[in-house]
Amino acid sequence: MTTASRVVLGLGGCVDYELKLTAPVLQQLIIEYGIVAADLTSPVEVAGERDLVVSILGYVARGGGGEHFVASAPALETFANRFPHRQTLGGTSVRAGILMSRLGVPSTLHLVSVNDTFRRLLPDDSEYINSGTADTFYPHLIVQYDQGLWIRANDIDINAPFPNRLIYVNDPANSEMLLTADLGDRLAAADVFLVSGFNAMRDGSELDDRLASLTAHMRQLPPTAVTYFEDAAYHEPAFSRRVREALLDRIDVYGLNEDELQSYLKRPVDLLDPEDVTAALAEVHELIPVPTLVLHTKYWALATGAGDYAAALDTGTIMAATRYCYGDDFTDADVEHLRRQPRRPESVEFAARMKDTVVPGFALDVPNPTTVGLGDTFVGGFLAALAKDNG
């Protein structure tokens, strides 16, 4: 058994176009498209660039994050070209794998699409298997914005209360999510298996077929293997329940963030109120009855249920905070410096009042934080700690 085969990360990946929003460009688009405050409701469908701008403005106004399918692939390219942007690798499994490589834990990625850019940016020690039959290139638009981004045009006057990131996608390969025939053989040697990516699927019959295929492959997992499922914003919201119902009895750890938590509950949750969070956890754990539920937020990371995951939570929290401060190019010295930073006092107080295992987040004041990939980086840190424990 090779070292890489001990960790299998799936199910899809992509190339991202990462950009940072600026007020002048957005204000010009608001004027060009005649967008007014009354338009700032969530579009039923993001059909073109105007809908894309409306969607972005709605999120910025409340400091939210999200992910959406965009019907027009050219709209993504057009919008990206209005800003300086860079190409990176994306997808929860891929970002987690890149972080794990930095921590000395190689992995095997299950991919549905590769191309020359992807091969160039992937770490040398990251093995991959690919279900695609030819190179394909469907870049995802990753939009970051800073706290305090102030946008004033027509009758719109919004100021971002928090920094966050948005994801906009038109990606047939990830929508189809074909699985490789040898996935089960890879899983037979795995200690850790990450499941993510079904949120991008849009066809119900294809989804059911992929879920049936995946569960068949997962029967080859060793009894001691840990299966971690990371939730996401579904392009077809109704598919979320279908995925859970098909996989719940095969999932050991189920991860989600505060946006996904509040979406399930259909109400806001005060993340620093132990009573509110305890009630929210009980409600969502009833909906998602897995052995362990992991919730990672901007204030803290928490595990409720079976198992001792304190070290994994802490590693995930440290690595996500390091990325927030230093981006992709962090050094080992950056990680050690981050470890010595104080935790948020309000998060420490919250943790002390909770019965569940809670790791407080760090007190960070960063002028230009990286908000892309923080959840993926948390997952990578969490799984790296698990892999080292099982090694």
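Predicted model: local features only at pLDDT ≥ 70, side-chain atom pairs only at ≥ 80, totals over all residues.
Biologist: How do you know that the span of helix 2 agrees with its number of residues?

Modeller: Helix 2 has 14 residues, and at 1.5 Å a residue these should span 20 Å. The C-alpha atoms at its ends are 21 Å apart, so the two values agree.

Biologist: What makes helix 2 largely enclosed by the rest of the structure?

Modeller: A residue is called buried when its relative accessible area is under 20%. In helix 2 that holds for 10 of the 14 residues, so the helix is largely enclosed. Among the buried residues are Leu52, Val53, Val54, Ile56 and Leu57.

Biologist: Which strands does helix 2 touch, and what is its direction relative to strand 10?

Modeller: Helix 2 (residues 49-62) packs on a sheet and touches strand 3, strand 7 and strand 10. Its direction makes about 155 degrees with that of strand 10 (164-169).

Biologist: What is the strand order of the open sheet of 5 strands?

Modeller: The order is 3-10-7-2-4, and the pairing is mixed.

Biologist: Why are strand 3 and strand 4 called edge strands?

Modeller: Strand 3 (66-69) and strand 4 (85-90) each pair on one side only. Neighbouring strands of this sheet are turned by 25 degrees against each other on average, direction ignored.

Biologist: Why is strand 10 described as largely enclosed?

Modeller: The count is 6 of the 6 residues buried, so strand 10 is largely enclosed by the rest of the structure. Both of its faces are covered, with Asn164, Leu166 and Tyr168 buried on one side and Arg165, Ile167 and Val169 on the other.

Biologist: How many strands does the sheet with the order 6-5-1-11-12-13-14-15-16 have?

Modeller: That open sheet has 9 strands, with mixed pairing.

Biologist: Why do strand 6 and strand 16 stand at the edges?

Modeller: Strand 6 (127-130) and strand 16 (357-360) each have a single partner strand, so one side of each is without a neighbour in the sheet. On average, neighbouring strands here are turned by 15 degrees against each other, direction ignored.

Biologist: Where does helix 4 pack on this sheet?

Modeller: Helix 4 touches strand 1 (7-9), strand 5 (108-111), strand 11 and strand 12, and its direction makes about 145 degrees with that of strand 1. Helix 4 (residues 92-102) also lies across strand 2 and strand 4, at about 90 degrees to strand 4.

Biologist: What describes two packed helices?

Modeller: The angle between their axes and the distance between the axes. For helix 12 (residues 310-326) and helix 15 (residues 374-390), the axes come within 7 Å and cross at roughly 140 degrees. This crossing of helix 12 and helix 15 is right-handed. Residues in the contact include Ala311 and Met319 of helix 12 and Phe378 and Gly381 of helix 15. By class, the contact has 11 nonpolar, 5 polar and 1 charged residues.

Methods. Residues numbered from 1 in each chain as written. Heavy atoms only, no water. Pairing = 2+ DSSP bridges. Helix = DSSP H or I, 4+ residues; strand = E, 2+ residues; numbered from the N terminus. Axes fitted to C-alpha atoms, helices over the stretch in contact; angles between N-to-C directions. Contact = heavy atoms within 4.5 Å. Expected span 1.5 Å × (residues − 1). Buried < 20%, exposed > 50% of the residue type's maximum accessible area, 1.4 Å probe, protein only. Left-handed = near helix turned anticlockwise from the far one by under 90°. Nonpolar A, V, L, I, M, F, W, Y, C, P; charged D, E, K, R; others polar.
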